[in-house]
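Biologist: I would like to learn how to read a protein model, feature by feature. Could you walk me through one?

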Amino acid sequence: MIEVYAEDAEEAIEAWQEIRGEECTWGGYSEFQIAGLKHFVESSLRLAVRWKLGVGWYQRSDGRQGYRNGTYRRTLVTPYGTVEIEVPRLREGSYEQGLFDRNGLLTKEARELILETYLAGPSTRRVGEVLERVLGYEVSAATVSAICKGLDELVRRYWSSQIEDKWEYLLLDAIVVRNRAVSRVEKRFVLVAMGVTSDGLAQVLSFKQAESEAEVCWQEFVDDLVRRGLEGENLKLVTTDGGPGLVSAVRTAWPRVPRQRCWVHKLRNIACKVKRRNQKACMDGARLIYMAKTRKDARNRFFAWRNRWIAEEPKAVACLEKDLEEMLEFLNLPEEHWAALRTTNRIERAFREVRRRIRTISCFTNRRSVDRMIYTIFAYENRKKEAHYLKRLFTHNT
């Protein structure tokens, strides 16, 4: 056997050709991989039996703990391929081996690979096709769905976990998904809360499906946040859209916390009320208002904009004027936080990933599948944001 230490790709290729010959292709390696996998698994099982019984094959001992009873064949699907193995049996009892579930075809690692592939984008039917060349086995759509059901416990644990009352800013918004009900396709609203600290850490704190964005739905969602620990002792601002149900729920839960209306949502509402020929000039003027450095300057810019458009676009002017004070709450905070808190764009970025993922699904089969998918996306986003935050914090401290 030739022992190889390759420093780069070219050396590795030369070493491989020396071992296998000039005509070797990567496809030929699978034979050796499967043979090595079979040897590793079967050797591990024989060793586990030896530890259980206290004696090896064809050995005698007064300390024997039992007897072997031949073998049986089974198919094992792993991330390294599918292999037929000989599994030792005992006359009585069983032995621990930790390589696979005796009642399952797939190893734990193969299940995790299938789950990660599904979460990356393909439908349940496509997952089997995508992984067939890797696993050597086509996993059915039903098997993929069954594996995804294992996320239900993680979702329940997430919903019951405590929320630290350390968050200084709170963003609330909702996204719409489609779900297949008994006789029709229904729209479901996923209500989402994101917490942000003054030093930049952002995390999705919770989510919940609801029939609508009515006050009763938002109130129940917000009350759950409070029960789990978000009492708002450190809250300095809550950013929302203009939905009356959400506004009322926030005022009830945290009456002393200022509320910021999202500028993106407001500008969309204004744009719908402006004549097409005036849209660019009118909207550019409206955007100048939130670019002001002080509340007084913002008010002056608004009055200048109002005087310019009150005659031609009275509905647009009235739309902004009635909520102007709540639109300018962010100006009371440190300037470095303005861009992140005058809109709900931070939470919209998480929604963008949800939309990208559900685009291939089109319509969920049931409500629990919605919860699984939303949970995995938000959990991944939270881990990514936390890792980025810790890296930035470490870099700053060093």
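**Reading the fold**

Modeller: Gladly! The secondary structure of the protein chain amounts to 16 helices and 7 strands, where helices (H or I, at least four residues) and strands (E, at least two) are DSSP runs numbered from the N terminus. This is a predicted model, in which local features need pLDDT of at least 70, side-chain atom pairs count only at pLDDT 80 or more, and totals for chains, interfaces and linings use all residues. Residues are numbered from 1 along each chain as its sequence is written, and side-chain values use heavy atoms, with hydrogens and water left out.

Biologist: What share of the 398 residues is buried?

Modeller: Buried means under 20% relative accessible area, exposed over 50%, and partly exposed in between (1.4 Å probe, protein chains only). Here, buried residues make up 43% of the protein chain.

Biologist: How many bridges join S4 to S5?

Modeller: There are 8, and the two strands run antiparallel. Phe189 has Ala210 in S5 as its bridge partner, while Ala193 is partnered by Ser206 in S5. The two strands form a hairpin with 5 residues between them, and Gly200 in the turn has a positive phi of about 105 degrees.

Biologist: How far apart are the end C-alpha atoms of H7?

Modeller: The expected span of a helix is 1.5 Å times one less than its number of residues. For the 13 residues of H7 (residues 215-227) that gives 18 Å, and the end C-alpha atoms are 18 Å apart, which agrees. Buried residues of H7 include Trp218, Phe221 and Leu225; among what covers the buried residues of H7 are strand S3 (169-180) and helix H8 (244-253). After H7 comes Gly229, with a positive phi near 125 degrees.

Biologist: Which residues touch the most other members of the largest nonpolar core?

Modeller: A nonpolar core is a set of buried Ala, Val, Leu, Ile, Met, Phe, Trp, Tyr and Cys residues joined through side-chain atoms within 4.5 Å. In the largest one, of 67 residues, they are Ile114, Trp263 and Phe378. Helix H16 (residues 367-397) gives this core its largest share, 7 residues. A second, separate core of 25 residues includes Leu172, Cys217, Trp254 and Tyr389.

Biologist: Is Asn366 buried, partly exposed or exposed?

Modeller: At 30% relative accessibility, Asn366 counts as partly exposed. Asn366 lies in the loop between H15 and H16, and its C-alpha atom is separated by 6.0 Å from that of Asn179, 187 residues apart along the chain.

Technical notes:
Contact = heavy atoms within 4.5 Å. Pairing = 2+ DSSP bridges.
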